[in-house]
Amino acid sequence: MANSSGFFASSVPSLRSRIQPPIGIYRSGLRSLEGFSNRVLCSSTIKGAEKPSTGAFPAESRVPRLVSKGCKLVGCGSAAPTLMVSNDDLAKIVHTSDEWISVRTGIRNRRVLSDKDNLTTLAVEAASKALDMAQVDPDDVDLVLMCTSTPEDLFGSAPQIQKALGCKRNPLAYDITAACSGFVLGLVSAACHVRGGGFQNVLVIGADALSRYVDWTDRGTCILFGDAAGAVLVQACDSEEDGLFSFDLHSDGDGQRHLTATMKENEMDNAGGSNGSVLGFPPRRSSYSCIQMNGKEVFRFAVRCVPQSIESALEKAGLPRSSIDWLLLHQANQRIIDAVATRLEIPPERVISNLANYGNTSAASIPLALDEAVRSGKVKAGHTIAAAGFGAGLTWGSAILRWG
C-alpha cells in the first residue's frame with residue numbers, strides 16, 4: 001500500500017484475496033498488472049467504512065482504495081553558452097587536430113561557459129522554454145529537480161532555479177547528482193513523485209558545466225566535454241495516457257576508478273603550520289581535481305551495459321525492439337552511440353545524435369538532443385523513445401517512454 005511518503009508498505013489482507021498478484025514497484029523498473037496498469041494502492045478516508053468496536057477511533061476510518069495515476073512528457077527546452085570552441089580552436093592550445101578528434105569521437109564543436117554565462121541562467125532558460133511549450137505557469141510547478149554534478153553552490157542550485165522561474169508557491173526544489181546518468185534518474189524520480197506523491201507538474205532539468213573541471217592540456221579529455229542545459233516537464237495524467245513505460249537503473253562503485261574528479265587538498269593552505277593546534281587541524285581547504293578518465297574502459301563498459309539495460313527495460317514494458325521509434329543515448333562519443341545501436345539492431349536513421357555540435361554535456365545531453373529533435377519535427381507526439389544515460393560512478397540506466 002502506498003503511504004503518504006510515496007513508498008510502499010505491505011499489502012492489505014482484505015485486498016489480497018481480491019487482487020492477485022500483489023501490486024509492486026521495483027528498483028529496476030515499473031510493473032503493471034493485468035487490468036490494473038500503473039495503479040497504486042493509497043490510503044483514503046471513506047465514510048461508512050467498518051469502524052473499530054472499541055470506539056477509540058474517529059467515525060471515519062482510513063481504508064485503501066485504488067488510484068490510477070500516470071505521467072507524461074509534455075514540454076521540453078534547452079540552452080547553451082554563446083561561446084563555441086571548435087576542434088581547430090583546440091588544436092591551437094593542445095596537440096590535436098580536427099580530423100583526429102572527429103574520427104575518434106564524432107565531435108566538431110562544443111559550447112563553453114564564459115564570463116557572460118553561468119549554469120543557473122542556462123538551466124532557467126531551458127526550464128522556461130519547457131514550461132512555455134507545455135503552456136504551464138511557473139506557479140503551477142510542484143517540484144524542480146536539477147540533475148547536475150557541477151552546481152554553482154555546494155549545497156545545490158535547484159532552489160535558485162525555482163526562485164528565478166518565479167514560482168511563488170515555494171515548491172520543493174533539490175539537486176540530483178549522478179553525472180551523465182543524472183537526467184534518466186531525474187525522470188524516474190519525477191515519475192515516482194507523480195505516482196506516489198500526488199505531484200502534478202515536475203520540472204526535470206539536466207545541466208552541467210564540465211569545462212570547469214577539464215585539464216585543457218590533456219587532449220584525452222579536453223576534446224570531449226561541453227556545457228549546456230536541457231529540461232522537460234513531466235505532468236500527471238490518467239493511467240491510460242501514461243508515457244513512462246519502464247526503466248532500468250544500476251550502479252557499480254568498483255568502476256569509479258575509470259572516471260573520476262576526486263577531492264584534493266590545497267597543498268599551499270596552512271603552509272605556515274598549525275600554530276600549536278592539534279596536528280592535522282584545522283583541515284586544509286579542498287577542491288576537485290580535473291576529470292581523469294580511462295577512455296578504453298569507459299567505452300567497454302558503455303557498449304556492454306547500455307544495450308543490456310535497454311533490453312531489460314523493453315522486457316519490463318512488454319515491448320519488442322521494433323516498437324522503438326527513436327534511440328536517444330547520452331551523447332558521450334559517436335562510436336559508443338553507433339555500437340549500442342548496432343547491438344540493438346536499430347538503424348542509423350532512428351538514432352538521435354547532436355554530439356557533433358555540442359560534445360559531451362553530461363546530464364544535459366539527453367534533454368538537449370530531445371529538445372532539438374522535437375522542435376525540428378523529427379520526434380512527434382506518440383513516438384516511443386528508448387533513452388539511456390551512462391557515466392561516472394559508474395552509473396547507468398534506461399527508460400522507455402512516449403513523447404507527448
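Contact here means heavy atoms within 4.5 Å. The model is predicted.

**Exercise 1.** Find which strands helix α8 lies across, and at what angle it runs to β17.

*Solution.* Start with α8, residues 334-343. Now compare directions. Then turn to helix α10, residues 365-375. Helix α10 packs on the sheet and touches β17, β18 and β19. Its direction makes about 145° with that of β17.

**Exercise 2.** Work out the strand order of the open sheet and name its edge strands.

*Solution.* Five strands form the sheet. Read across in order: β12, β20, β19, β17, β18. The pairing is mixed. Next, go to the edges. Strands β12 (244-251) and β18 (351-352) each pair on one side only. Now take one pair inside the order. Strand β19 (384-391) and strand β20 (395-402) run antiparallel, joined by eight bridges. Within this pair, A387 stands opposite A399 in β20.

**Exercise 3.** Describe how helices α7 and α8 pack.

*Solution.* Two packed helices are described by the angle between their axes and the distance between the axes. Take the distance: the axes of α7 (residues 295-317) and α8 come within 9 Å. Take the angle: the axes cross at roughly 30°. Now list the residues. From α7 come F299, A302, V303, R304, V306 and P307. They meet R335, I336, A339, V340 and R343 in α8. Finally, sort them by type. Eight are nonpolar, three are charged and none is polar.

Technical notes
Residues are numbered from 1 along each chain as its sequence is written. This is a predicted model: local features need pLDDT of at least 70, side-chain atom pairs count only at pLDDT 80 or more; totals for chains, interfaces and linings use all residues. Side-chain values use heavy atoms; hydrogens and water are left out. Two strands pair if DSSP finds at least two bridges between them. Helices (H or I, at least four residues) and strands (E, at least two) are DSSP runs, numbered from the N terminus. Axes are lines fitted to C-alpha atoms, for helices over the stretch in contact, and angles run from 0 to 180 degrees between N-to-C directions. Ala, Val, Leu, Ile, Met, Phe, Trp, Tyr, Cys and Pro count as nonpolar, Asp, Glu, Lys and Arg as charged, and the others, Gly among them, as polar.
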